[in-house]
Amino acid sequence: MAAKPASLTPLPGSCAACAVRPFALFRVVPQARVGEIARIRSAVRLVRGGEAIRDGVFTLYAGWAFSWTTTPDGRRQILDFHLPGDLVERSEDGAEVSALTDASFCVLARDRLCEFMGRDPGLALSYADGLVRDRARLRERLTSLGRRDALGRVAHLLLELHTRLTHRGGADRTGAALPLKQAHLSDALGLSVEHANRALAVLRRDGVASLQKGRLDILDRAAMEELAGWSSAPAAPVLTRIKA
């Protein structure tokens, strides 16, 4: 049997030099106290795209992941996409987490994390801020499922992901690398693959946006925002980093 090719996905290194900390949960921890973060991290992991992630609490360092559940007849519903810097907590309600691409992450000890937040109001506020942003995304996703047509759903999700990537320095004004397939879009937006494909084709035909070969190109942002009913909901951290 041929060996799997080596992954180019970087593993997390020292917390003091963490590339994602400026927009992650621990952004409020000053450099002088960064050693305390290392005591919360219990392991680092590397997983292949498509593999399940079983750890309970982790911060994604590189790559993409997604949370999902299934209906009794086996249909998948994607609940959220996770990007580098996101704190991911596996719930106990049956939802699963899988790597969308090769991904690496830091596993966090839940009890030590809770203890840290109990004595550091800044970190507790950072955690609460993340919950607020997660809820805002959920609200918009529910609005898409209930009220937006297929074109609006696809446009809104693409704008959401582009905005989140922009705040992490992973996108420019005209687009970003987006490793989504039509099946991911359809499972996140309650569409058939055919309807997702058709919506993407219309966006491309009308010169609004193109999603091809893992790359999103935004060709007419104003038109895309109008189709999506886009409002600039906060996607970036509200809190600023506390100085040492």
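Me: What relative accessible area does C114 have in this model?
Reply: This is a predicted model, in which local features need pLDDT of at least 70 and side-chain atom pairs count only at pLDDT 80 or more, while totals for chains, interfaces and linings use all residues. Residues are numbered from 1 along each chain as its sequence is written, and side-chain values use heavy atoms, with hydrogens and water left out. C114 lies in helix α2, where helices (H or I, at least four residues) and strands (E, at least two) are DSSP runs numbered from the N terminus. With buried meaning under 20% relative accessible area, exposed over 50% and partly exposed in between (1.4 Å probe, protein chains only), C114 is partly exposed, at 45%.

Me: How wide an arc do the buried residues of α2 cover around the axis?
Reply: Helix α2 spans residues 110–119, and its buried residues are L113, F116 and M117. An α-helix has 3.6 residues a turn, so residues three or four places apart point the same way. Taking the directions from the helix axis to the C-beta atoms, the three lie on the same side of α2 because their arc is only 95°.

Me: Which exposed residues does the face of α2 turned away from its buried side carry?
Reply: The buried side is covered by elements including α1 (35–38), β2 (57–62), β7 (103–108) and α3 (121–147), where contact means heavy atoms within 4.5 Å. The face turned away from that side carries the exposed residues D111 and G118.

Me: What angle separates the planes of the aromatic pair F58 and F105?
Reply: Rings of Phe, Tyr and Trp (its six-membered ring) pair if their centres lie within 6.5 Å, with planes under 30 degrees apart counted as stacked, over 60 as edge-to-face and the rest as tilted; this rule gives one aromatic pair. F58 lies in β2 and F105 in β7, so the pair ties together parts that are 47 residues apart in sequence. F58 is buried at 0%, and F105 is likewise buried at 0%. The pair of F58 and F105 is tilted, with 4.5 Å centre to centre and a plane angle of 45°.
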